[in-house]
Structures are given as C-alpha cells and as structure tokens.
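Hello,

Here is the structure we talked about passing on. Please open it and keep it beside this email while you read.

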Amino acid sequence: MGNFEVEYRGREITGYWAKRLGCFWLVALSLLMVLLYASVGAVFAALSLPEGTAKLTAREGWAPLRWLADASAAVNEALPAYPLLLTCLIWATGAFLLAVLALAARYREPAFAVIALLTAPLAAAGLHAVAWVGAAVHWVVRTFGPWLLAASAWIRGWDWWVWVLVVALAALSAIAYFSDGPAYVTVLGAVGWVVIGTALSVGLGLLFVGLVFEIPFLLFLVALSVLCLLGQLVVDQLTGTVKAGRGYRGVLLGALGVGTSWSMLMVVGDVGGSHSLYPQVARDWVANNVLGNSPPQFDALMALVVVAGSALSVLANVHRMREEPTHEQFTRSVVFTLYSMVFATMIAAVGHRSETGGDRRG
C-alpha cells in the first residue's frame, strides 16, 4: 500500500480506479467476514450459555432468536456425561503425547518430544500461575493503592483537549509506523477510506438496528465486536489443531492447545481439586464468579475436540511431514490462544450469573 503512487496517464488512471474499486470490494468482503465470524461467535456463546440464552430470548424483542435457545438446550441435553467426557479427554491427551513421541522417533528429532512434554504441563498450569501473580498484584494494590492514587491525581485533572491531543498523536504515530514509505498521499487515502467506510457502516447500522431490533446502536456495535472476536478465537483454535505436529512450531502449537484446554477446564470444572492450588483470594473469586451449578459439559467437549484433533494431526504428520506454519501464523495462533483463555473465563463468569443469579449457592 505504501508503494502505490497515482499516475495521470490513461492506462495508469484505469489502474488507479481499479485499485479504488478493489478497496470497495475489500470493504464489502471485510463486512461479510465480520458477520460470519460474529455468527460463529453467537452460536458458540449460545451453546456455552444455554440458561443465559434462554433468558435473553425470553425478553421482549428477542423472540426471533428463540430457535437458537431451543437448539442450545437440545445440544447440551444430548451431550455425554461430564465424567465420560473427562475420561475421553485423558485418553486423548495420552494419544497426543504418544503421537508426538512417534513423530520424534520417525524423524529422529528428540526436540519434538521435549517441546511437547514441557509445554503441555506448563500451559496447563498457566492460569494457576496467573492466579498467583494476580494475588501478588492484589496485595500490592491494597497496600500501596492509596499512595498511587494520590500521585496520579494530577493526571486525572487534565482537561479534555489534552486527552484528545494524546489520542490524536498516538493515532498519527501508529499510521506513520505502519506505513511503508514516505507516500503520505497513500496514508491519507487509506484514512479517508476508513472514515468513509466507518460512516457508511454506522449509518446503515443505525438504520437497520433501529428499525429491526430497536436496541441502542452502540450496544449492538459492542456486541457485534465481541461476538466477531469470539468467532475468530473459535475458528483459529480449531484450525490450529490442523497445524499440530508440523515441525517445531506445529508441535509447540499442538502442545499449547492441549495445555490451555486443560487449564481452562481446571478453572471452570475444578478438575482433580485443582482449585486447592490457588491462593485464597483467587479461590474465592473463582467460587463466587466462575463456577456454575451444572458441570461444564460443553467446555469439556470443546477441549476434547481440540486435544483429539491435535493428536490426529500429529499422527498424520508421522506419515508425511507437512509444511511448517510461518512465523506470522505461529504468532497469531499463540496470541489467539491466550485471548481464548481470557474469553473462556469471561463466558464462564456470564454462565455463573445466568445459572445462579450471582449467588453461588443459588
């Protein structure tokens, strides 16, 4: 983008408009992808929160989505028992580790086995480490918080125009950083297309949402963004299992997927009494904000899909090693894996509220 320059001869002008029309179709495709990801995120959230979905669709104006609540309830009722899912998950984890050992023996790369045997348990203990770090931060904030608030009072006293200036400088700095060269016209053109696309999206969104759903547009935009990101996390987590076992990065991705699946299940399901390893403040928070009354069957099913899919992918690479993920793909998957842990905790907290009304004993 940064190397594109406008020419003023006949053939080049045609190329110029082709570029601009290409931008139009790119915006249209981006909006379509947002809707698709949001749809995936909505289905995943509905299946994860059957009680919350039923309560939402019972409200005025949400009746058209009643089928989604019925489908969520039917799927959750059809799921196998939680102990059976947990047993299958243990066997799938063992199959993954054995597959990695076979991969290491097949290609004479003991590093494959070392990566998997170290990464999977470390990732499984990741949220426990976060809990202990959070407990330490909680103690620091409670101890030194009043001093820090007093020291930062002058920052909170800034006028609104100072904050606008700071945000504007940050935005301009980001544009300058990501532009490829000195072609400032291209940067301004990109900003213009973003402004136009945003204006059109907001206008159409206000019209559509206001006339059809009759809910505040800002609330709709926030919900759409959250569902889109959630859908991306789900798709990336599932597609990441396909790359498991593809070289060093693939083995690391597979081990991260297995470990983080266990880590989340230990939080929402207290697998093996794992909550006893939390510090007291984290144990109280999990008990009051995450744990629901019903066992996390859907979470166990998703963990089983990820672990079993990773094991099958590793076995496929024992026969023929496929192309290793690029550095960009690897980085994206790692970042999305970390985000998925955060979103899973948030969904579990919402599920707790929908099941108990905020009361752990409810």
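Predicted model: local features only at pLDDT ≥ 70, side-chain atom pairs only at ≥ 80, totals over all residues.

Residues are numbered from 1 along each chain as its sequence is written, and side-chain values use heavy atoms, with hydrogens and water left out.

The protein has 14 helices and 0 strands (DSSP runs numbered from the N terminus: H or I of at least four residues for helices, E of at least two for strands). Of its 362 residues, 33% are buried, meaning under 20% relative accessible area with a 1.4 Å probe, protein chains only. Among contacts (heavy atoms within 4.5 Å) with a separation of 6 or more, 80% join residues 24 or more positions apart.

Helix α2 covers residues 50-57, and its buried residues are P50, T53 and T57. They fall within an arc of 65 degrees seen down the axis, so they line one face of α2 (the arc is taken from the directions from the helix axis to the C-beta atoms).

Helices α11 (residues 247-269) and α13 (residues 297-319) pack with axes 9 Å apart, at about 165 degrees (axes are lines fitted to C-alpha atoms over the stretch in contact; angles run from 0 to 180 degrees between N-to-C directions). α11 and α13 are therefore roughly antiparallel, the word for angles over 145 degrees. Residues of α11 in the contact include G254 and V268, and those of α13 include D299 and S310.

Regards

Terms used: Parallel < 35°, antiparallel > 145°, perpendicular 65-115°, else oblique. Buried < 20%, exposed > 50% of the residue type's maximum accessible area, 1.4 Å probe, protein only.
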